Amino acid sequence: MLRRVGPSLRHFLLERKSSAGYSLYSSEAKMSRPVQARRLEGTDKNIWVEFVKLATTYSTVNLGQGFPDFSPPDFLTEAFMKALSRENHMLHQYTRAFGHPPLVKILAQYFGKLLGRDLDPMTNVMVTVGAYQALFCCFQAFIDEGDEVIIIEPFFDCYEPMAKMAGGMPVFVPLRPKAPKDGKLMSSADWQLDPGELASKFSERTKAIVLNSPNNPLGKVFSRGELELIADLCVKHDVLCISDEVYERLVYDGKEHIRIASLQGMWDRTVTIGSAGKTFSATGWKVGWTMGPNRLLQHLRTVHQNSVYHCATIAQEAVAQGFQRELELYGKPESYFVQLPKEMQQKRDWLVQSLDAVGMKPIVPEGTYFLVADISEFKSDVPDAPDSDEPYDSRFAKWVVKNKGLATIPLSAFYCEAHKNNYNHFIRFCFAKEEATLKAANDILQKWKWEKTSP
């Protein structure tokens with residue numbers, strides 16, 4: 001055994017002074033140069049960090065962050081448990097970096113059927129750590145310094161910072177609301193692109209457009225005519241399309257989800273993004289995918305292999321089993337993909353009625369599990385703050401969670417800085433919740449209305 005025979009090296013160094021007369025551990029040695037990369041400038045704020053913390057601290061009912069508060073279907077959790085306990089120990093180890101072979105094979109079969117195209121599972125499909133990483137790969141792979149990226153507002157909030165981090169210049173074009181006729185509730189279909197305005201955003205500097213259909217936060221499902229308008233402009237200007245279709249299974253009222261990659265001239269220039277989290281109500285599993293031609297996906301693979309490299313094997317195995325089941329039950333009443341939108345539409349209708357009854361004017365979504373409501377009738381509870389730069393709906397949502405215990409998300413969070421105050425009287429609700437959660441939200445709203453109207 002070695003014995004310590006004198007002062008430790010650390011003690012010796014602490015006692016020693018340099019020839020300049022200060023300790024080697026002097027605070028004067030701290031770095032003074034900026035440590036953050038320039039690409040991080042202006043991207044440090046995140047709506048979810050702030051509002052999830054508020055919801056955790058104050059809320060009794062959380063209709064803010066978009067996740068179901070119920071379990072995934074039994075067949076999927078059973079597939080996960082089976083994979084976890086199976087004697088095949090390799091399911092606990094690395095699998096193919098760009099996608100577990102059983103998963104990419106069944107995704108190619110399933111979506112090939114929907115697209116009417118033979119997909120190569122090894123070159124036309126790549127599995128990612130949720131749709132979020134799929135988006136990151138797209139921006140990093142395709143966008144160079146100074147490239148313009150058209151983003152349709154309102155947009156899922158990560159599009160803008162991801163474009164900027166890649167060196168791109170976001171160019172925003174809004175969906176503009178049109179008042180419905182005959183006093184009907186507004187629908188997400190009433191929010192439309194102006195064809196001339198959209199066309200004006202395309203230039204020789206445009207590298208890509210980001211499409212999100214069904215759209216988060218509005219729940220808008222883009223019609224064939226709207227998609228053909230976008231497709232024609234992409235072809236005319238030789239522009240890529242990053243198509244975020246994570247809510248494709250959540251479409252209501254007989255609406256049709258149309259994949260822009262299926263339109264003429266679009267397969268060769270489109271990357272389609274999907275999510276098992278939204279498809280199977282398992283957001284925490286973080287299994288997503290990209291689909292497209294090999295000429296595009298080869299560059300996504302380069303980003304993927306030099307960032308996360310690999311996704312959880314067991315989760316991919318379970319999702320593969322889920323898609324295998326759905327392919328066998330394709331179009332049948334017992335299919336989960338047939339049952340899920342029916343159940344979600346009932347939840348949507350219930351929340352729409354609840355909000356309408358208390359005076360918040362809901363915009364009825366055609367898809368997703370979100371709806372946006374006009375809060376104008378409740379503005380008297382949260383007065384304007386003329387000296388504040390914060391959008392009104394953001395202050396309103398904070399007041400609601402702190403004083404009423406109901407967590408929501410302000411719509412202005414889904415707009416660029418210059419446009420936040422143009423749509424600052426709406427908040428977003430998530431209705432992918434258990435009946436008890438929606439009832440508790442209704443109770444809060446009813447009590448709030450009573451407090452407003454009672455003498």
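**Salt bridges in a predicted model**

R348 forms a salt bridge with D349, with 2.8 Å between the closest N and O atoms. A salt bridge here is a side-chain nitrogen of Lys or Arg within 4 Å of a carboxyl oxygen of Asp or Glu. R348 is buried, at 3% relative accessibility. D349 is partly exposed, at 28%. The cut-offs: buried means under 20% relative accessible area, exposed over 50%, and partly exposed in between (1.4 Å probe, protein chains only).

This is a predicted model, in which local features need pLDDT of at least 70 and side-chain atom pairs count only at pLDDT 80 or more, while totals for chains, interfaces and linings use all residues. Residues are numbered from 1 along each chain as its sequence is written, and side-chain values use heavy atoms, with hydrogens and water left out.

The structure holds 16 salt bridges. Side chains of opposite charge can pair when their charged atoms come close.

Take K398 and E50. Their closest N and O atoms are 2.7 Å apart, in a salt bridge. This pair links distant parts of the chain, 348 residues apart. K398 sits in helix α13 (residues 392-403), and E50 in helix α2 (residues 47-58). Helices are DSSP runs (H or I, at least four residues), numbered from the N terminus. K398 counts as buried because its relative accessibility is 17%. E50, at 35%, counts as partly exposed.

Next, K220 and E226. Their side chains meet in a salt bridge, 2.9 Å from N to O. K220 is buried, at 1% relative accessibility. E226 is buried too, at 15%.

Technical notes. Helix = DSSP H or I, 4+ residues; strand = E, 2+ residues; numbered from the N terminus.
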